[in-house]
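Me: I'd like to learn how to read a protein model feature by feature. Can you walk me through one?

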Amino acid sequence: MTTLADTWGINEAQFWLRGIRPDEPVEHDEATGIWNVYGYPEILQALSDHAAFSSATQRLVPDAGDRFSEGNLVQMDPPDHHKLRKLVSHAFTPKVVADLEPRIAKLTHELLDAIPGDRTELVADLAYPLPVIVIAELLGVPSSDRALFKKWVDAMFESSDQFSLKERTKEQEEYFAKAMEQVQQLTDYLVSHAQDRRRQPREDLLSKLVLAEVDGARLTDAEVANFGMVLLVAGHITTTMLLGNTVLCLDAHPDQFAKLRADRSLVPSAIEESLRFFSPFAAVSRATGHETELGGQVIPADQLVLLWVAAGNRDPRQFTDPDAFDITREPNSQIAFGRGIHFCLGAPLARLEGRVALSILLERFPNLRTDPADGPEFLPSPAMTGVKRLPLLL
């Protein structure tokens with residue numbers, strides 16, 4: 001079977017794209033000191049047990065420190081996680097998200113109108129700017145700064161090396177230092193906006209964060225900035241990868257693309273299958289809070305665990321013919337957005353942006369296809385699966 005990985009030479013670490021099954025659903029990597037979890041039920045168990053599998057992983061990562069964990073929703077466990085998540089959950093309710101549809105459609109048309117000629121680079125022209133503008137407008141930061149956001153975020157994910165707790169290469173050290181520098185610049189940027197909202201509140205999410213109270217106390221500037229950073233980064237990169245990956249999967253499976261062209265009502269299920277088949281965030285990390293058993297393995301306390309949701313989404317115990325891309329797959333219990341208390345807060349918004357943008361894209365350019373003379377370029381990070389560039393002929 002020829003896979004997407006064979007066609008485009010995707011990172012060797014992403015074995016699930018090659019139809020290779022791990023020997024066991026849970027394995028310890030002696031070389032890196034990390035536990036890897038590949039099985040669907042094992043991943044669900046870990047995602048639903050925050051006491052055994054804590055989200056506060058920075059304590060196990062050398063040199064990471066805690067300067068970016070304060071107010072970082074991704075690094076929090078209950079009860080603090082519940083308190084902070086509640087502060088912004090109102091911004092992502094079904095009604096609030098649904099009300100954004102006309103704005104998303106208008107932006108999509110404007111971005112496509114700006115494309116000159118009969119070719120496009122999907123990421124630069126649509127998949128990146130669309131979600132960045134939407135999340136920037138929600139937060140209340142200038143969407144015109146999106147080139148800055150891209151510079152900062154790209155630096156966080158540009159390493160192609162497999163992370164190790166045991167040995168750091170010179171390249172990894174340089175990457176880590178550069179990434180932390182860019183994260184600090186993004187944090188400083190958001191702190192300045194938070195301080196501005198304390199002086200002059202507006203009708204935006206940052207203002208609500210600086211005015212909110214948790215246990216009778218206002219959030220600090222660092223907490224607001226780190227919280228805002230999670231929303232800004234996760235709020236756009238997921239949709240960027242989702243859009244690019246869906247177009248790529250359809251192009252690689254002409255029979256499925258033909259089905260979608262014939263029946264546009266299949267757009268939502270095509271997106272769900274893309275999330276399963278080509279999961280954007282391939283892995284999420286956890287730290288064991290105490291000794292625990294998972295998949296027949298006993299994992300000691302204070303161990304770094306990688307939950308490979310992309311591999312879980314190809315688990316034959318859960319999905320029939322898991323290496324087939326089928327936009328009519330039903331049921332499709334993919335876990336690309338996670339499960340449990342850390343289920344992606346922006347998942348409804350990402351799905352809406354994907355549905356609206358893909359529908360309009362196919363309506364305007366029903367015969368779009370990848371450019372055989374200019375292939376896709378993928379993000380280098382082993383823990384992420386997405387295109388950095390996707391040239392298309394329209």
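Predicted model: local features only at pLDDT ≥ 70, side-chain atom pairs only at ≥ 80, totals over all residues.

Me: Let's start with a single residue. Where is the place of D321?

Reply: D321 sits in the loop between helix 14 and helix 15. Helices (H or I, at least four residues) and strands (E, at least two) are DSSP runs here, numbered from the N terminus. Residues are numbered from 1 along each chain as its sequence is written, and side-chain values use heavy atoms, with hydrogens and water left out.

Me: Is D321 buried or exposed?

Reply: Buried means under 20% relative accessible area, exposed over 50%, and partly exposed in between (1.4 Å probe, protein chains only). D321 has a relative accessible area of 52%, so it is exposed. Its phi is near 50°, a positive value in a residue other than glycine.

Me: Which value does phi take at D302?

Reply: Phi of D302 is near 60°, again positive in a non-glycine residue. You'll find D302 in the loop between strand 9 (297-299) and strand 10 (304-307). With 46% relative accessibility, D302 counts as partly exposed.

Me: What about omega, say for the bond from P78 to P79?

Reply: Omega describes the peptide bond, and the one from P78 to P79 is cis, with omega near 5°. P79 belongs to the loop between strand 3 and helix 3. The bond from E330 to P331 is cis too, with omega near 0°. P331 is in the loop between helix 14 (309-312) and helix 15 (347-364).

Me: Where is L60 found, then?

Reply: L60 is in the loop between strand 3 (53-54) and helix 3 (80-89). Its relative accessible area is 19%, so L60 is buried. From L60 to Y189 you go 129 residues in sequence and 27 Å in space, C-alpha to C-alpha.

Me: Zooming out, how many helices and strands are there?

Reply: The protein has 15 helices and 14 strands. Its radius of gyration is 21 Å, close to the 21 Å that the globule rule gives for 394 residues, so the protein is as compact as a globular protein of that length. That radius is taken over C-alpha atoms, and the rule is 2.2 Å times the number of residues to the power 0.38. Along the principal axes, the C-alpha trace spans about 55 × 55 × 40 Å.

Me: Which residues touch the most other members in the largest nonpolar core?

Reply: A nonpolar core is a set of buried Ala, Val, Leu, Ile, Met, Phe, Trp, Tyr and Cys residues joined through side-chain atoms within 4.5 Å. In the largest one, with 97 residues, F92, F149 and L368 touch the most other members. Helix 11 (residues 221-252) supplies the largest share of this core, 15 residues. Apart from it lies another core, of 16 residues, among them W35, F53, I299 and V309.

Me: What is F92 in contact with?

Reply: Contact means heavy atoms within 4.5 Å. Leaving aside neighbours within four places in sequence, F92 contacts V97, I135, L138, L205, L231, L345, G346 and L349. Across the protein, among contacts between residues at least 6 apart in sequence, 72% join residues at least 24 apart.

Me: And what share of the residues counts as buried?

Reply: Of the 394 residues, 53% count as buried.
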